[in-house]
Amino acid sequence: MRKVTLSTGKEVSIQPLTGKQVRDLRATEAAPGFEGVFATVEMAGFGSDVTDDMPFPDILAINKAIGAETFGIEEEAKN
């Protein structure tokens, strides 16, 4: 699990997607463009009720953290 700090200063927790969720995501036509980003964050529990009013860079930060957490990429060291 990792934390993402949104532009508002609020922290959200990111859990990795499950194997089934990754397979389900691969089976969709959502992969190209922004649809893949929204499909990923929605699958991780951040639905339109959360993301509709969220700045897109925050959505991208959540998406990046989901991918990193799902595939076991180490967090960057903060200076």
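This is a predicted model: local features need pLDDT of at least 70, side-chain atom pairs count only at pLDDT 80 or more; totals for chains, interfaces and linings use all residues.
Q: What share of the residues in the chain is buried?
A: The chain has 79 residues. To count as buried, a residue has to have under 20% relative accessible area. The share of residues that are buried is 30%.

Q: Which element gives the most residues to the largest nonpolar core?
A: The largest nonpolar core has 15 residues, and Val4, Val12, Ile14 and Ile62 have the most contacts inside it. Two or more residues come from each of strand 2 (11–14), helix 2 (33–43) and helix 4. With four residues, the element that gives the most is helix 4.

Q: Which residues is isoleucine 14 in contact with, leaving aside its neighbours within four places in sequence?
A: Isoleucine 14 is one of the residues with the most contacts inside the largest nonpolar core. Contact here takes heavy atoms within 4.5 Å. Leaving aside neighbours within four places in sequence, the partners of isoleucine 14 are Met1, Arg2, Val4, Phe46, Ile62, Ala65, Ile66 and Glu69.

Q: Is the pair of phenylalanine 38 and phenylalanine 56 stacked, edge-to-face or tilted?
A: The structure holds one aromatic pair. The ring centres of phenylalanine 38 and phenylalanine 56 are 5.9 Å apart, with the planes at 45°. Planes under 30 degrees apart would count as stacked and over 60 as edge-to-face, so the rest are tilted. At 45°, the pair of phenylalanine 38 and phenylalanine 56 is therefore tilted.

Q: How far from aspartate 58 is the nearest side chain of opposite charge?
A: Aspartate 58 sits in helix 4 (residues 56–70). Leaving aside neighbours within four places in sequence, aspartate 58 is in contact with Leu6 and Ser7. Aspartate 58 is buried but has no salt bridge. A salt bridge would need a side-chain nitrogen of Lys or Arg within 4 Å of a carboxyl oxygen, whereas the nearest oppositely charged side chain to aspartate 58, lysine 10, is away by 10 Å.

Note on methods. Residues are numbered from 1 along each chain as its sequence is written. Side-chain values use heavy atoms; hydrogens and water are left out. Buried means under 20% relative accessible area, exposed over 50%, partly exposed in between (1.4 Å probe, protein chains only). Lys and Arg count as positive and Asp and Glu as negative; His and the chain ends are not counted. A nonpolar core is a set of buried Ala, Val, Leu, Ile, Met, Phe, Trp, Tyr and Cys residues joined through side-chain atoms within 4.5 Å. Rings of Phe, Tyr and Trp (its six-membered ring) pair if their centres lie within 6.5 Å; planes under 30 degrees apart count as stacked, over 60 as edge-to-face and the rest as tilted.
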